[in-house]
Amino acid sequence: MNSARGLNLPESLSYEKRGRVAVITMNRPDAMNSLTKEMLIGLEAAFDDFNNDPELRCAIFTGAGERAFCTGLDLKVALPALNDGDALGYEDPAKRPFQNVYKPIITAVNGMCVAGGLEFLLGTDIRIAAAHAKFGLAEVRWAVVPAGGSHIRLPQQIPWAIAMELLLTGNTIDAQRAYEVGLINKVVPAERLMDEALAYAQRICENGPLAVRTAKEIALRALNNEPKFVLEKTMSARVFASDDAREGPRAFAAKTKPEYTGR
């Protein structure tokens, strides 16, 4: 097990403290850093520790390897659990990734950032991407919806038409397009990704920590997203309970074209 300050985290997560900066890494590169229930629970524990550690002022969130930041839930494991009503650690309908983390989070996107990976990105503050990174929400292709806050956060952060394109088509955009529409802050060569993220983190750490934390808290609380998250959770439940939501993961696992009925 990977541990920090007494935390017991799965091997699929790495949590390192570099002075005043926490580096939290999804470490499942052979599976494109896709998320399991254990990873979701571990990420919450790691970021809670970061948020409550007075020595830490900024976090860098990234993925291991060169292919993917995160490709979302492991469809063969986690999505069937959602179909059966497992909230995967998000039982609170008003809860979404990082919404109560008031210290800055910098995302270093080292590859594919889709589905749940993009949903985590949307809860972070400054985003640096390698030039080969891609972004998207493929859930509708598999007859489910991105219920981790995307319907609320994405239209808040980029133009409506671009948000709808991502939500409704399941298509991806490249890093340059993500930069153009304001989804990310900067595109850099892959070999410079962590250096750029650390440079941002160090700059933030030079500022007054109470001022930085308060600035982010005001911005987050002013959005008042909790009632919107409840709406998303309630309406998405009917999708996850549908026949189509079982057909999608089946077809994905079998590498066949799904046959949807709208039921």
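Reader: Which residues lie nearest the centre of the second largest pocket, and how many line it?
Author: In this predicted model, the second largest pocket has a lining of 20 residues, and R153, A219, L220, L223 and N225 are the ones that lie nearest its centre. The space in this pocket comes to about 370 Å³.

Reader: Which elements give two or more residues to that lining?
Author: Those elements are α4 (150-157), α8 (209-223) and α9 (226-240). The most comes from α8, which gives 5 residues to the lining of the second largest pocket.

Reader: And how do the lining residues divide into nonpolar, polar and charged?
Author: The lining of the second largest pocket has 7 nonpolar, 7 polar and 6 charged residues.

Reader: What does F47 touch, not counting residues up to four places away in sequence?
Author: On that basis, F47 touches I24, A59, F61, F98, V101 and I105.

Reader: Let me pick up F98, then: where does it lie, and is it buried or exposed?
Author: F98 is placed in the loop between α2 and β5, and it counts as buried because its relative accessibility is 7%, under the 20% cut-off. The phi of F98 is positive, about 70°, although F98 is not a glycine. As background, most residues other than glycine have a negative phi.

Reader: What does the side chain of D92 reach?
Author: The side chain of D92 reaches the backbone nitrogen of A94, at 2.9 Å. D92 is found in the loop between α2 (78-83) and β5 (105-109), and at 41% relative accessibility it counts as partly exposed. From D92 to H151 the distance is 17 Å, C-alpha to C-alpha, and the two are 59 residues apart in sequence.

Reader: Changing topic again, which residues of helix α5 are buried, and what covers them?
Author: The buried residues of helix α5 (residues 160-169) are I162, A163, M164, L166 and L167. Their cover includes β8 (134-136), α4, β9 (172-174) and α6 (175-180). After α5 comes G170, with a positive phi near 80°.

Reader: Last one: why does E247 count as buried, and what is it in contact with?
Author: E247 counts as buried because its relative accessible area is 15%, which is under the 20% cut-off. E247 belongs to helix α10 (residues 243-254), and, leaving aside neighbours within four places in sequence, it is in contact with K257, P258, E259 and Y260.

Technical notes. Residues are numbered from 1 along each chain as its sequence is written. Side-chain values use heavy atoms; hydrogens and water are left out. On a 1 Å grid over the protein atoms alone, a cavity is a set of points where a 1.4 Å probe fits but cannot get out, and a pocket is an open set with protein on both sides within 12 Å along at least five of seven lines; lining residues have an atom within 4 Å of a point. Grid points are joined across faces, edges and corners, and a volume is the space filled by probe spheres set on the points. Helices (H or I, at least four residues) and strands (E, at least two) are DSSP runs, numbered from the N terminus. Ala, Val, Leu, Ile, Met, Phe, Trp, Tyr, Cys and Pro count as nonpolar, Asp, Glu, Lys and Arg as charged, and the others, Gly among them, as polar. Contact means heavy atoms within 4.5 Å. Buried means under 20% relative accessible area, exposed over 50%, partly exposed in between (1.4 Å probe, protein chains only). A polar contact is a pair of N or O atoms within 3.5 Å; within protein, one must be able to donate a hydrogen and the other to accept it, and residues adjacent in sequence count only if both atoms are side-chain atoms.
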